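Subject: Structure handover

Hello,

Please find the structure below, with the sequence. My notes on it come after.

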Amino acid sequence: MKSFLKPLFGSSITLTLLGFGLLTAAGVIQTQESDIWEGLEADLTRISSRNDILTLRFKIRNNGNESRVAEFYFKDCYIIDPTSQKKYFPLKDSEGQFIGGPKEKDWEGGRYHCLIEMGSSAGFWVKFPVPTDNPEAIDITIPGFFPFEEVSLE
Amino acid sequence: MRFRGMLLLLGIIGWWFWFWTAPSVFALEEDEIVIPPEAHQKAIQALKALGPERGAIKFSFKVLTIEGIIRGITGRSEKIQATLKELGAKETDTEYRIELPGDILFDFDKWTIREDAEEALSKVGEIIRASQHPAAIIGHTDSKGAEAYNLELSKKRAEAVKQWLVSQAGVDPSRIETAGKGESEPIAPNTNPNGSDNPEGRQKNRRVEVRICKGDC
């Protein structure tokens, strides 16, 4: 191969690998429709676990033909370990606020409220304890959406 | 030779990705919310405070199964019922009636929504949105002041509640009608039997009534 082509080849391959990496990172773990708000869907986009804390990230998409408000209290979110039959609520800070966001109001430990225009999306995140029995999969409940079931923690 | 061909193909895919696909992927990434760096530290503290069980609540599997089956049907109505109860709503055969005290909603002689009233109004918004049926907002005053002035004030207050519900709670404006009744429909006497002022009675009369139909009423 001609010497001036080598760096070009090298960088091209690196870019390809980076591209595949990015596409994977932007993936969706599971999607659930709303049982209240027509046209809204929630994607569970990422789960990370550190220091026995699960961080869940979601994206709510409006696929409908009009703007919709998505709204819930963090106190009503929970995860379930179906094997040990235990339920866990989001972690709460010393001021009584659930550790999640963004929050529109502090009411009752925090309220998520977002007007999502047609074709747009909005994200939120919430932290839970890792279930004590370290299950392989959990169920996740977010008010306004059908439950995310058998979400792998592997 | 074949190896070089594959490398060339990989390179072409790489450049194609960065020119055509990467912008949309980056847009997806930008759309993600940012978690404040202190959140994890707070979570660690919260986890410690929970103890070894991490706040786990044990439940019966049978209950879970039933919950799972009926959640879509009753979960929503249970939440709405709880909110109605919190607001002290009264139920008739055709509608729910919620009375919001005027002194919480507005300052004296004003029709701008007070910040303290937002939590209650937000819950009213939740109910109206979930009900999918028409609603009416009716303003009332006490008997102090001129009748015509009170009528106008009650209309403005009803309209202010509607505007708040539309702009802040995402309620469809076409589903809400407003009216002002002034001092014409008291729910308590404005004066005592001896003719003296009855401040408690007048306070009850200063209110905004929200009526949410159970069907197309």
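This is a predicted model: local features need pLDDT of at least 70, side-chain atom pairs count only at pLDDT 80 or more; totals for chains, interfaces and linings use all residues.

Residues are numbered from 1 along each chain as its sequence is written, and chains are lettered from A and ligands numbered from 1 in the order in which they are written.

Sheet of chain B. Helices (H or I, at least four residues) and strands (E, at least two) are DSSP runs numbered from the N terminus; two strands pair if DSSP finds at least two bridges between them. Chain B has an open sheet of 5 strands in the order β2-β3-β6-β4-β5, with mixed pairing. Strands β2 and β5 of chain B are at the edges with a single partner strand each, so one side of each has no neighbour in the sheet. β2(B) and β3(B) are antiparallel, joined by 2 bridges, and form a hairpin with 3 residues between them. B:Glu91 has B:Tyr96 in β3(B) as its bridge partner. Between β3(B) and β6(B), also antiparallel, there are 7 bridges, and B:Glu99 stands opposite B:Glu209 of β6(B). β4(B) and β5(B) run parallel, with 5 bridges; B:Ala135 is partnered by B:Ile176 in β5(B).

Helices on the sheet. Contact here means C-beta atoms, placed from the backbone, within 7 Å. Axes are lines fitted to C-alpha atoms, for helices over the stretch in contact, and angles run from 0 to 180 degrees between N-to-C directions. α5(B) lies across β3, β4 and β6 of chain B, at about 20° to β6(B). α6(B) packs on the sheet, touching β4, β5 and β6 of chain B, and its direction makes about 160° with that of β5(B). Just after α6(B), B:Gly170 has a positive phi of about 70°.

Cores. A nonpolar core is a set of buried Ala, Val, Leu, Ile, Met, Phe, Trp, Tyr and Cys residues joined through C-beta atoms within 7 Å; buried means 20 or more other C-beta atoms within 10 Å of a residue's own, again placed from the backbone. The largest core has 37 residues, and B:Ala43 is among those with the most contacts inside it. β3(A) gives the most to this core, with 5 residues. B:Ala43 touches A:Ile53, A:Leu91, A:Ile99 and A:Lys127, not counting residues up to four places away in sequence. A second, separate core of 28 residues includes B:Ala158 and B:Ile212.

Regards

Key. A residue is buried if 20 or more other C-beta atoms lie within 10 Å of its own, exposed if 12 or fewer, and partly exposed in between; C-beta atoms are placed from the backbone. Two residues are in contact if their C-beta atoms, placed from the backbone, lie within 7 Å.
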